[in-house]
Amino acid sequence: MKKQVIKRLETIDLVNGKKVFFDYEGNLFSINREVPEYRHYNVPKDVEDIWKQTIVNNLLEEIKKTKGYEKSSKVTKLVAIYGHYNNIQLLEELLDDNTLDTFSKILYLEGLNREKLGVNISIKYKILKIDDPKLYIEALNEKISDYKSKLLNTPITIDESFKQNYAFKYYDFSDENIFKRIESI
């Protein structure tokens, strides 16, 4: 008996796919968890890449225009879709920005420290191609230590938007607590 080959026609639904993709700001982890039907839209990877680049460009522009809590919220969204190498560059640029308040810099330094862990995993599984991984991680550790030292040796400033945001309603913004948080990085 002759085998019969059945071809499946996969329909692509770019309208619904784009809506979901942009609603979740390109965060595929969240999309896959929250909207499992997204995979049935069969959005091609190259289309997702174009949409992702649009979201990244928009977030980068918004980050330039904002400060305090709003800026840190946009950075968090960008970090969720950007990728370790890009995240590290972004966070380093933000940490070098002398106009930022101390609390924002703490959040970005904590993010940089988390990205370092992701880089370790990405190097281990050869997702990130780095010539000398050990040297790269050592340099990153040194940068983190330098940023931490700078934070410990500069006056503490807190953007009012953090104090006024409900998410930080009960947060202790005392100098003592801020120094403890910096030291724990």
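Buried means under 20% relative accessible area, exposed means over 50%, and partly exposed lies in between (1.4 Å probe, protein chains only). The model is predicted, so local features need pLDDT of at least 70 and side-chain atom pairs count only at pLDDT 80 or more, while totals for chains, interfaces and linings use all residues. Residues are numbered from 1 along each chain as its sequence is written, and side-chain values use heavy atoms, with hydrogens and water left out.

**View 1. Tyr69 and Phe162 form an aromatic pair.** At 0% relative accessibility, Phe162 counts as buried. Rings of Phe, Tyr and Trp (its six-membered ring) pair if their centres lie within 6.5 Å; planes under 30 degrees apart count as stacked, over 60 as edge-to-face and the rest as tilted. Tyr69 lies in helix α4 (residues 68-82) and Phe162 in helix α8 (residues 160-164), so the pair ties together parts that are 93 residues apart in sequence. Helices are DSSP runs (H or I, at least four residues), numbered from the N terminus. Ring pairs also join Tyr69 and Phe162 with Phe103, Phe168, Tyr171 and Phe173 in a cluster.

**View 2. Phe21 and Phe22 form one of the aromatic pairs.** The whole structure holds 14 aromatic pairs. The ring centres of Phe21 and Phe22 are 6.3 Å apart and the planes stand at 65 degrees, so this pair is edge-to-face. Phe21 counts as buried at 1% relative accessibility, whereas Phe22, at 28%, counts as partly exposed.

**View 3. Helix α1 packs on helix α3.** The axes are 11 Å apart, at an angle of about 35 degrees. Axes are lines fitted to C-alpha atoms, for helices over the stretch in contact, and angles run from 0 to 180 degrees between N-to-C directions. From α1, the contact uses Leu14, Gly17, Lys18, Phe21 and Phe22. From α3, it uses Val47, Glu48, Trp51, Lys52, Thr54 and Ile55. Contact means heavy atoms within 4.5 Å.

**View 4. Ile178 belongs to the largest nonpolar core.** This core has 42 residues, and those with the most contacts inside it are Tyr38, Leu94, Leu109, Leu112 and Ile178. A nonpolar core is a set of buried Ala, Val, Leu, Ile, Met, Phe, Trp, Tyr and Cys residues joined through side-chain atoms within 4.5 Å. Leaving aside neighbours within four places in sequence, Ile178 is in contact with Thr102, Phe103, Ile106, Ile156, Ile158, Tyr171 and Phe173.

**View 5. Lys74 is found in helix α4.** At 16% relative accessibility, Lys74 counts as buried. Not counting residues up to four places away in sequence, Lys74 touches Leu59, Glu62 and Ile63.

**View 6. Arg114 lies in helix α6.** At 55% relative accessibility, Arg114 counts as exposed. The C-alpha atoms of Arg114 and Ile185 are separated by 9.9 Å, although these residues are 71 residues apart along the chain.

**View 7. Glu25 and Asn42 are shown in their loops.** Glu25 is found in the loop between α1 and α2, and Asn42 in the loop between α2 and α3. Phi of Glu25 is near 50 degrees, a positive value in a residue other than glycine. Asn42, also not a glycine, has a positive phi of about 55 degrees. Glu25 counts as partly exposed at 25% relative accessibility, and Asn42 is partly exposed with a relative accessible area of 25%.

Technical notes
Helices (H or I, at least four residues) and strands (E, at least two) are DSSP runs, numbered from the N terminus.
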